[in-house]
Amino acid sequence: MTEPNDKPKVAFYWCASCGGCEEAVVDLAEGILDVVGAVDIVMWPVALDFKRADIEAMADGSILASFINGAIRTTEQEEMASLLRRKSKLVIAFGACSQLGGIPGLANLYDRDGIYRAAYLESPSTENPEGTLPRLRSRENGYELSLPGFYETVRALGQVIDVDYAIPGCAPHPKVIQSAVATLLSGELPPKETVLAPDQALCEECPRRESKPLDLSISEFKRPHEVLIDEETCLLAQGLLCLGPATRAGCDAACVCGNMPCSGCSGPTSRVVDHGAKAISGIASLIGGDDEEAIDRVLEGIPDPVGTFYRYGLPASLLRRKTLS
Amino acid sequence: MPEKAEQTAQEPQADPTNQTSAEGFEPRIVALFCNWCTYMAADLAGTSRMRYAPNVRVVRVMCSGRIDPQFVMHAFSRGADGVLIGGCHPGDCHYQEGNYKALRRFRLLRRVIESLGIERERLRLEWISASEADRLRKVADEMAADIRALGPLQLSIPAEDFPTAEGADAELPSPEIAEEAAAKEVAVP
């Protein structure tokens with residue numbers, strides 16, 4: 001790409017994430033060729049060899065859109081997010097980690113020392129007899145080496161830089177990505193901070209919707225491996241904890257179609273502030289039993305309530321993290 | 001608002017940072033009372049010139065079943081030290097079973113806030129009927145005392161305020177864990 005071209009410039013970047021969002025882009029299959037044809041990709045660490053210096057050399061605001069996936073855990077991630085913010089007209093939080101904090105955000109149930117202890121000292125798979133820990137600066141063979149700082153708390157992208165739009169999902173569904181990109185390229189931009197996916201609950205597009213009873217009373221929560229799941233009946237009606245009623249649509253109920261209950265990766269709709277709290281509201285009201293003992297018995301079936309209701313959104317929730325003692 | 005009969009009772013000192021030391025600390029308790037029972041009880045307490053802890057700030061909702069767990073999270077995130085939910089006794093709900101829904105949400109919500117490091121005493125649900133002004137007084141005083149003993153709720157991240165340099169320049173690794181790592185070195189043959 002030596003010739004200058006006037007195609008809009010687009011950047012992809014990753015922060016605290018698993019790579020699934022990169023996969024999601026590749027999952028566009030032939031569709032990605034249309035995207036590549038329409039834009040000039042100026043950064044994409046997973047696929048192209050552009051460096052930070054290349055971005056730094058660009059004029060401010062010269063990138064049309066930066067798609068940033070992953071949560072913010074280290075100082076380096078914050079620096080890159082801020083750099084891309086400066087160089088871009090639009091920043092899109094791509095995927096659940098970036099939008100809400102995601103799975104890495106569950107680290108907010110621990111403090112930094114606890115994470116170091118688990119990762120470098122105590123986990124059964126850790127082989128570290130000398131107790132080596134990452135250091136901001138160290139010397140090796142006469143060279144001064146440095147590592148990024150490690151924040152105590154994981155943040156969503158919008159808690160670090162100004163974000164224009166979000167594309168939800170873990171990872172975003174190809175259909176959602178395609179329609180979001182089409183919206184952005186159309187020139188008719190929606191209001192800032194719009195989540196570029198349908199603004200309704202997953203139940204609305206769930207193929208099992210017709211079988212959801214009007215009045216549901218759950219006497220026992222079951223885990224998917226414990227039951228033979230009927231493939232057509234509403235999963236909640238079968239005692240499986242499905243977050244569809246509290247979660248944004250757009251994924252065509254992909255998990256539910258695969259006999260797995262919705263775990264809430266697309267986050268809340270625009271009317272909800274705290275996804276987990278709203279899911280707690282909806283699911284708890286379905287519990288059968290009118291007294292404390294009966295209710296608690298049913299709740300035994302949800303052994304990890306924070307991990308269940310805040311699986312993708314603890315940093316973006318109202319309380320953000322577990323209190324530090 | 002129910003009348004507060006005793007105007008002599010001191011309003012707790014407003015402390016925007018919520019960093020009050022345990023001494024002289026007056027908890028802020030957000031009370032979400034249902035219109036038909038507990039709010040009426042608070043009204044009765046007022047007209048009967050009863051005195052109860054002025055730490056309790058009452059918000060009237062039509063039914064305890066209307067209380068979205070988001071309300072509770074919001075109160076905690078904005079500086080409440082405790083949240084008190086009041087509804088009609090089982091069987092007495094004006095809307096048949098709103099209070100049962102409140103109970104189910106409360107049982108689950110309390111597990112969640114405990115997992116997030118918030119003591120269980122900071123969230124309380126009580127059934128108080130319209131005639132039980134004395135019980136309301138007892139619950140309010142009790143809860144204020146419990147939370148006064150616990151001290152202020154110290155959330156690690158205040159609402160709307162993510163400090164950007166939070167911990168980034170701190171010594172890495174921290175002296176505590178470095179010490180643990182060093183101890184490990186000795187222990188391994």
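**View 1. Parallel pairing of strands β3 and β5 in chain A of the predicted model**. In this predicted model, strands β3(A) and β5(A) run parallel and are joined by six bridges. Within this pairing, S66(A) has V91(A) in β5(A) as its bridge partner. Strand β5(A) is mostly covered, with five of its seven residues buried.

**View 2. The five-stranded open sheet of chain A**. The strands follow the order β2-β1-β3-β5-β9, and their pairing is parallel. The edge positions are taken by β2 (40-43) and β9 (165-167) of chain A; each has a single partner strand, so one side of each is left without a neighbour in the sheet. From one strand to the next, the twist averages 30°. One of the residues involved is F94(A), whose bridge partner in β9(A) is I167(A).

**View 3. Helix α4 on the sheet of chain A**. Helix α4 (residues 75-87) of chain A packs on the sheet and touches β1 (9-14), β3 (63-69) and β5 of chain A. The direction of helix α4 makes about 135° with that of β5(A).

**View 4. The β6-β7 hairpin of chain A**. Strand β6 (residues 137-140) and strand β7 (residues 143-146) of chain A pair over four bridges in the antiparallel sense. E140(A) stands opposite Y143(A) in β7(A). Two residues lie between the strands of this hairpin, and N141(A) adopts a positive phi near 50°.

**View 5. The four-stranded open sheet of chain B**. Here the strand order is β2-β1-β3-β4, again with parallel pairing. Strands β2 (56-61) and β4 (123-127) of chain B stand at the edges with a single partner strand each, so one side of each is left without a neighbour in the sheet. Direction ignored, neighbouring strands are turned by 20° against each other on average. Strand β3 (residues 82-87) of chain B pairs with β4(B) in the parallel sense over five bridges, and L84(B) stands opposite R124(B) in β4(B).

**View 6. Helix α2 on the sheet of chain B**. Helix α2 (residues 69-77) of chain B packs on the sheet, where β1 (29-34), β3 and β4 of chain B are touched by the helix. The angle between the direction of helix α2 and that of β3(B) is about 150°.

**View 7. The largest nonpolar core and the surroundings of I68(A)**. This core has 139 residues, and I68(A) and V83(B) are those with the most contacts inside it. Helix α3 (residues 98-115) of chain B contributes the largest share of the core, eight residues. Apart from its neighbours within four places in sequence, I68(A) is in contact with Y13(A), C15(A), A81(A), L84(A), V91(A), A93(A), F94(A), S98(A) and L157(A).

**View 8. The contact between chains A and B**. Chain A gives 44 residues to the contact and chain B gives 43 residues. On the side of chain A that touches chain B, the elements giving two or more residues are α6 (112-122), β8 (150-155), α9 (275-284), α10 (292-299) and α11 (305-309). The residues of this side comprise 21 nonpolar, eight polar and 15 charged.

Methods: Residues are numbered from 1 along each chain as its sequence is written. Chains are lettered from A and ligands numbered from 1 in the order in which they are written. This is a predicted model: local features need pLDDT of at least 70, side-chain atom pairs count only at pLDDT 80 or more; totals for chains, interfaces and linings use all residues. Two residues are in contact if their C-beta atoms, placed from the backbone, lie within 7 Å. Ala, Val, Leu, Ile, Met, Phe, Trp, Tyr, Cys and Pro count as nonpolar, Asp, Glu, Lys and Arg as charged, and the others, Gly among them, as polar. Two strands pair if DSSP finds at least two bridges between them. A nonpolar core is a set of buried Ala, Val, Leu, Ile, Met, Phe, Trp, Tyr and Cys residues joined through C-beta atoms within 7 Å. A residue is buried if 20 or more other C-beta atoms lie within 10 Å of its own, exposed if 12 or fewer, and partly exposed in between; C-beta atoms are placed from the backbone. Axes are lines fitted to C-alpha atoms, for helices over the stretch in contact, and angles run from 0 to 180 degrees between N-to-C directions.
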